[in-house]
Amino acid sequence: MYENLVIIPGKIGGKCMELQYKEFDCALKAFLPEKPAVQQVAAGLGFTEGPVWCGDYLLFSDIPMNRIVRLDIKSNGPELTTFKSPSGQSNGLTLDRDGRLIICESSTRRVTRYENDGSLTVLAERYQGKRLNAPNDVAARSDGSIYFTDPLFGEPTSPKELDFNGVYRISPEGTLSLLVNDFALPNGLAFSPDESILYVNDTGKNTIRAYDVRQDGSVANERLFFKMEPDDFGGPDGMKVDSEGNIYCTGVGGIWIITPEGKHLGTISLPELPANLAWGDDDWKTMYCTCRSGIYRIRFAKTGIAPYKVDSEPWL
């Protein structure tokens, strides 16, 4: 299955550095270990995105290099290999409830599933006969449904067919439904621990919205959950939630930590501006961050939420 894996160039295994952060509430200290640190585990890549922890290794997208990369943390240091190339210039990645890789392919403008036998299944490519824009980020729900955002950043490689940037749901039966169509640039999305709330951020407006998730998977009761007040370059991007419902959102200055009540406790700084993030390691207390050309990891005192089925080798 892995005969196509090759070692790829890039610096790996950087040293640990003291973690820098801005504290806006003393409650932030409960999120950090006694000696908070950040470690660079890979560098020299193109533009990294979409990390997902797969039991004992990390997968992430290297968008301009048109590949999905595998990062193994070994006793003698990290190892990078190409997992899939070409990747449709993949962006967001996640695992579904059966441990299969779900891929947002931006250049091929579709959402796909990497099957156990190595084949690829197209889950969504068109809405009402028109091609999607550029699927960006994705989250799976325990009922088997898949939620994804479909913005368009920059100029399209082919004409844009939809006149909106939407948020969609793919049902367990494979039906594509439009949930929301009034975002400027919908980007990161995540569920609350009980999956009753869907958070979706809008990079174009520096906001995070919250929705109640109905029993049928549709959303209701839209509300403004949080607004970032930018004082530098960047906007909300990747998001994850911990087991207590706190939101971790990449954005201006680093990773914003926000309580379920919408209170900004502080911002974690990294050597490079982060785009996305994923919980990982055996105890789900490590955050792996895709930061421009590098990959970094941070230990937290809080526990993250794992994908629904995490085996060490879900594709074997």
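**Figure 1. D281 sits in the loop between β27 (276–280) and β28.** Strands here are DSSP runs (E, at least two residues) and helices likewise (H or I, at least four residues), numbered from the N terminus. The model is predicted: local features need pLDDT of at least 70, side-chain atom pairs count only at pLDDT 80 or more, and totals for chains, interfaces and linings use all residues. Residues are numbered from 1 along each chain as its sequence is written, and side-chain values use heavy atoms, with hydrogens and water left out. D281 is not a glycine, yet its phi is positive, about 70°. Most residues other than glycine have a negative phi. D281 counts as buried because its relative accessibility is 17%; buried means under 20% relative accessible area, exposed over 50%, and partly exposed in between (1.4 Å probe, protein chains only).

**Figure 2. T290 lies in strand β28 (residues 286–291).** Its relative accessibility is 0%, so T290 counts as buried. Contact means heavy atoms within 4.5 Å. Apart from neighbours within four places in sequence, T290 is in contact with T48, E49, G50, P51 and F60, and also with P274, A275, N276 and I295.

**Figure 3. R109 is placed in the loop between β10 (101–105) and β11 (110–114).** Although R109 is not a glycine, it has a positive phi of about 60°. With a relative accessibility of 3%, R109 counts as buried.

**Figure 4. A cis peptide bond joins S85 and P86.** The omega angle of this bond is about 0°. Most peptide bonds are trans. P86 is found in the loop between β8 (77–84) and β9 (90–95).

**Figure 5. V213 belongs to strand β21 (residues 207–213).** V213 has a relative accessible area of 13% and is therefore buried. Leaving aside neighbours within four places in sequence, its contacts are R141, Y147, F191, E195, S196, I197, L198 and S218. G166 is 47 residues from V213 in sequence, and the two C-alpha atoms are 17 Å apart in space.

**Figure 6. A search of the whole structure finds zero disulfides.** A disulfide is taken as a pair of cysteine sulfur atoms within 2.5 Å. C249 is in no disulfide, and the nearest cysteine sulfur, that of C289, is 12 Å away. C249 counts as buried because its relative accessibility is 0%. C26, in contrast, is exposed, with a relative accessible area of 60%.

Figure 7. The C-alpha trace spans about 55 × 50 × 35 Å along its principal axes. The radius of gyration, taken over C-alpha atoms, is compared with a globule rule of 2.2 Å times the number of residues to the power 0.38. For 316 residues a compact globule would have a value near 20 Å, and the chain, at 18 Å, agrees. Of these 316 residues, 58% count as buried. Among contacts between residues at least 6 apart in sequence, 49% join residues at least 24 apart. The chain exposes about 13000 Å², of which carbon and sulfur atoms supply 48%; accessible areas come from the Shrake-Rupley method with a 1.4 Å probe, and for residues only the protein chains shown count as cover. The mean positions of the 33 positive and 43 negative charges are 2 Å apart. Lys and Arg count as positive and Asp and Glu as negative, while His and the chain ends are not counted; each charge is placed at NZ of Lys, CZ of Arg, CG of Asp or CD of Glu.
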